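Colleague: Could you walk me through how to read the features of a model like this one? I would like to begin with helix packing.

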Amino acid sequence: MDGANALTLVLSGDPTLFRIVGLSLSITLSATLAAAAIGIPLGAIVGTSRFRGRGAVIVVLNALMGLPPVVVGLAVFLALSRSGPLGELGLLFTPTAMVVAQTLLILPIIAALTRQAIEDLWAEYAHELMAMQVGAINRVMTLVYEGRFALATIVLAGFGRAAAEVGAVMIVGGNIDGFTRVMTTTIALETSKGNLALAIGLGVVLIVLVTAINAATWALRAWAERHAG
Amino acid sequence: MQRNVLTAFTLALVLAPMGAASVTAQETSIVVASTTSTEDSGLFRHILPLFKAKSGINVKVVAQGTGQALDTARRGDADVVFVHAKAQEEKFVADGYGVERFDVMYNDFVLIGPKSNPAKVMGGKDVVAALNAIAEAKTSFVSRGDKSGTHSAELKLWTVTGLDPQKDKPAWYREIGQGMGAALNTAGAMGAYVLSDRATWISFKNKGTLDIAVEGDTRLFNQYGIILVDPKKHPHVKSKPGQAFIDWVLSAEGQNAIRSFRIDGQQLFFPNAETARQKKAG
């Protein structure tokens, strides 16, 4: 397979490549949804409440944004291995394990950035919300709704990180042909096979995909903003 | 409204491939921990569809260095190991992690080096003399450094020279701790020597200025073995389909499948299971 053929592969609808791209997208989108479902409420709660040790929680969340994927992968590997605490589940070397690893990887990013965005909004709206005597849960929901466009960008940042990483999914997925092989692990594999041109070609495909998803989100947002007013 | 569109779009993207993945997960499948040489060269892509057609069993290959593959199996994360470092494999069985080890096939290691021939070893037949010459000339040498089968073989050859670069760490000896392909890429970029299995070398696409420096030494023999992980150690091991795979690989049909795997007309692996079995019987 020659490198110049990466584009031909895409255009000709090579089923193997499509399966790899489909798996990449489904894993990363699932992880992004899961991380957003946990991270946004978590960040919003930390952003709008005052409690002892809050400073420490914020520092830890911010620091965890720099989690190395390979460390997350190793931790999930040890937990899911048959010899690990969750070994009974038999999840190692499955797409589910890859979703778990990517979720853990981007959860701190989404939570930490949400915390900052919501805290800024809270400073702006605190007076009104206090005057209206809104409960804590409604308060968080209102702020999340008001900040939805900023939060969309934050979720995209998490998506980008998950889509780009190779260290975690390689360890917990095992890069099994036709089962856990995704874009980034394919690129790593083709590089090690000396197919450098094909590896670069696949890298371009990955960048185009991520750009397309960002563009789609941007278009939706612009459309929503027009209709929201 | 716009939210519903977004949600539906996302769900479709997420669920469609997940559904496809769960369908395949319901078939009988086993995990085989194997080496990068067997996976990267394309051997499994050649033989697994034949086995699947015969048995209906899906074989999932996790390609790692031999040391890591045995470790994966030791933790119970694989059903079968298919690797190439006999001493490590026999220890694996002796420690109770494997049922029994069988010879499957062989090929050989080759010493790869720059065509510019800095250590004057090109075309030699004596790998030990070549390693001595490399050490003498202090030409760069890339070591896998990852406890793989090829790394074990390399260390064994250094022992014969009487040198111990892994311990002495001279500047010309570079341990990279990566797979065979990565080691070849590195050696190519550095103009260094490197020991490779022949299958990975033949299928490697970025040869550049590298070429075979030494081949044909009997000490470069490279035997592959297959072992079922012992269900007594790990009760969840799928021993029935695992054993079916081993039986097939060792059968005439499996051995022929290995023999018929070629790249550019070159045979990469030479089956020798039957001779091993006859020896056992005799």
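Colleague: Are H9(A) and H10(A) roughly parallel or antiparallel to each other?

Modeller: A word on the model first. This is a predicted model, in which local features need pLDDT of at least 70, side-chain atom pairs count only at pLDDT 80 or more, and totals for chains, interfaces and linings use all residues. Residues are numbered from 1 along each chain as its sequence is written, while chains are lettered from A and ligands numbered from 1 in the order in which they are written.

Modeller: Now the general idea. Helices (H or I, at least four residues) and strands (E, at least two) are DSSP runs numbered from the N terminus. Axes are lines fitted to C-alpha atoms, for helices over the stretch in contact, with angles from 0 to 180 degrees between N-to-C directions. Angles under 35 degrees count as roughly parallel, over 145 as roughly antiparallel, 65 to 115 as roughly perpendicular and the rest as oblique. Here, the axes of helix H9 (residues 183-192) and helix H10 (residues 196-228) of chain A come within 8 Å and cross at roughly 165°, so H9(A) and H10(A) are roughly antiparallel to each other.

Colleague: Which residues of H9(A) and H10(A) make the contact?

Modeller: Two residues are in contact if their C-beta atoms, placed from the backbone, lie within 7 Å. H9(A) brings A:Met183, A:Thr186, A:Ile187, A:Glu190 and A:Thr191, and H10(A) brings A:Leu196, A:Leu198, A:Ala199, A:Leu202, A:Gly203 and A:Leu206. For the classes, Ala, Val, Leu, Ile, Met, Phe, Trp, Tyr, Cys and Pro count as nonpolar, Asp, Glu, Lys and Arg as charged, and the others, Gly among them, as polar. This contact of H9(A) with H10(A) has seven nonpolar, three polar and one charged.

Colleague: At what angle do H6(B) and H7(B) pack?

Modeller: Helix H6 (residues 127-137) of chain B and H7(B) pack at about 80°, with axes 9 Å apart. That angle makes H6(B) roughly perpendicular to H7(B). B:Val127, B:Val128, B:Leu131 and B:Asn132 of H6(B) meet B:Leu157, B:Trp158, B:Val160 and B:Thr161 of H7(B). By class, that gives six nonpolar, two polar and no charged residues.

Colleague: Which residues of H4(B) are buried?

Modeller: A residue is buried if 20 or more other C-beta atoms lie within 10 Å of its own, exposed if 12 or fewer, and partly exposed in between, with C-beta atoms placed from the backbone. In H4(B), the buried ones are B:Thr66, B:Ala69, B:Leu70, B:Thr72, B:Ala73 and B:Arg74. Their packing partners in chain B include strand E1 (29-35), helix H5 (86-94) and helix H7 (149-161). Just after H4(B), B:Gly76 has a positive phi of about 90°.

Colleague: Why does A:Val57 count as partly exposed?

Modeller: A:Val57, in helix H3 (residues 54-64) of chain A, counts as partly exposed because it has 16 C-beta neighbours inside 10 Å.

Colleague: Which domains does the assignment give for chain B?

Modeller: Domain bounds come from an automatic or database domain assignment. For chain B, domain 1 is 28-107 + 222-281 and domain 2 is 108-220. Their C-alpha centres lie 26 Å apart, and 19 residues of domain 1 are in contact with 17 residues of domain 2. On the domain 1 side, H2(B) gives the most, with three residues.

Colleague: How many residues of chain B are in contact with chain A?

Modeller: 29 residues of chain B are in contact with 28 residues of chain A. H1(B) gives the most to the chain B side, with nine residues.
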